[in-house]
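Please brief me on this predicted model. Keep it short and grouped by topic.

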Amino acid sequence: MPESDDGFLLDRLIHEPGRLAILTVLSSVADADFVFLQRTTGLTKGNLSSHLTKLEDAGLVTVEKRFVRKRPNTNVALTKDGAERVARHWAQLERLRAMSQPDPS
Amino acid sequence: MDRKGIETAVAENAQFRGLFGVVGGLLAILAALGNASWGPLRHHWVFVVGVIVLAGLTWPIHTFYTDHFARATPSTKHQVRLAVVVLVAIPLVILGSLWLSSRASWSLDLPVNTTAITLGLVFLLSIGAAVGLRLHHVVIYGGLVILGALPVWERGGESGNTGLWLAGIAMIVSGLLDHRLLVRRFGPSTATGMGPDRAGV
């Protein structure tokens with residue numbers, strides 16, 4: 001049986017398209033509110049909420065719920081662990097993409 | 001999924017709050033009218049009241065944008081880039097305009113409108129660094145620079161005032177177009193149009 005190649009392993013928590021979109025958006029900002037995440041990722045409110053719960057439980061994001069001028073506001077930011085893991089995930093995807101390119105020679 | 005597109009979206013959210021630009025443009029026009037002592041603005045206090053009223057508009061505008069549009073804080077990297085432009089490039093532009101036409105002994109003393117040139121270049125540089133120029137920025141502020149660079153201006157206060165008028169109009173028009181872009185990009189969501197499994201950026 002061939003040895004497993006860690007180069008093919010992807011982080012399943014991050015690799016889900018919705019969560020990958022959320023984490024990619026958050027990796028480009030200091031923080032963002034729920035509506036911004038919804039508009040940039042195209043996810044529905046329920047979907048986004050569900051993904052954020054999973055990411056928060058895994059310690060990849062912090063979710064702060066507060067009131068801004070008496071209106072509820074949810075602010076989301078990447079944790080240090082989240083930033084490292086999503087960067088590693090993108091690097092992994094790049095490695096896989098490079099492996100799939102035909103050898104120029 | 002385009003990371004650069006995401007960073008642009010964040011910058012657009014902050015930069016295209018164009019109603020602030022409209023207020024800025026009105027301030028520039030008010031300053032031009034004040035310099036010309038036009039009508040009631042011949043009284044200095046009227047000008048001060050005008051500035052206070054316009055400055056006071058910024059709070060309800062800020063509230064409007066915060067309440068109706070999404071919000072994200074640009075990354076530290078992005079803020080540093082913008083700070084470098086503001087601290088380095090803009091003073092260079094101002095020095096450059098003084099070199100083109102001023103009373104300084106080292107000035108070329110050309111018949112150009114340095115107010116229009118300076119403000120046009122400042123806006124082009126800062127918008128370019130913050131979010132990247134859109135076509136209307138290039139046309140409006142590039143046009144302002146070109147107008148100012150025409151060798152037809154008289155030296156002295158009058159051309160400076162005309163420069164303020166031109167800059168004010170440019171800021172108002174650009175501000176309205178920016179606001180329109182923001183509404184399109186971050187306005188009320190048509191959420192039913194977004195599939196539950198779509199994760200497009």
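From the N terminus on, chain A runs α-α-β-α-α-β-β-α. That gives chain A 5 helices and 3 strands. Helices (H or I, at least four residues) and strands (E, at least two) are DSSP runs, numbered from the N terminus. This is a predicted model: local features need pLDDT of at least 70, side-chain atom pairs count only at pLDDT 80 or more, and totals for chains, interfaces and linings use all residues. Residues are numbered from 1 along each chain as its sequence is written, chains are lettered from A and ligands numbered from 1 in the order in which they are written, and side-chain values use heavy atoms, without hydrogens and water.

**Chain A overall**
- Of the 105 residues in chain A, 40% are buried (under 20% relative accessible area, 1.4 Å probe, protein chains only).
- Chain A exposes about 6,100 Å² (Shrake-Rupley method, 1.4 Å probe).
- Carbon and sulfur atoms supply 55% of that area.
- Among contacts in chain A (heavy atoms within 4.5 Å) with a separation of 6 or more, 53% join residues 24 or more positions apart.

**Hairpin in chain A**
- β2(A) (residues 61–68) and β3(A) (residues 71–78) pair in the antiparallel sense over 8 bridges; pairing takes at least two DSSP bridges.
- The two strands form a hairpin with 2 residues between them.
- In the turn, A:Arg69 has a positive phi of about 50°.
- A:Phe67 stands opposite A:Pro72 in β3(A).

**Helix α6 of chain B**
- α6(B) covers residues 135–149, and its 15 residues should span 21 Å at 1.5 Å a residue (1.5 Å times one less than the number of residues).
- The end C-alpha atoms of α6(B) are 20 Å apart, which agrees.
- Buried residues in α6(B) include B:His136, B:His137, B:Ile140 and B:Tyr141.
- B:Gly142, B:Leu144, B:Val145 and B:Gly148 are also buried.

Key: Buried < 20%, exposed > 50% of the residue type's maximum accessible area, 1.4 Å probe, protein only.
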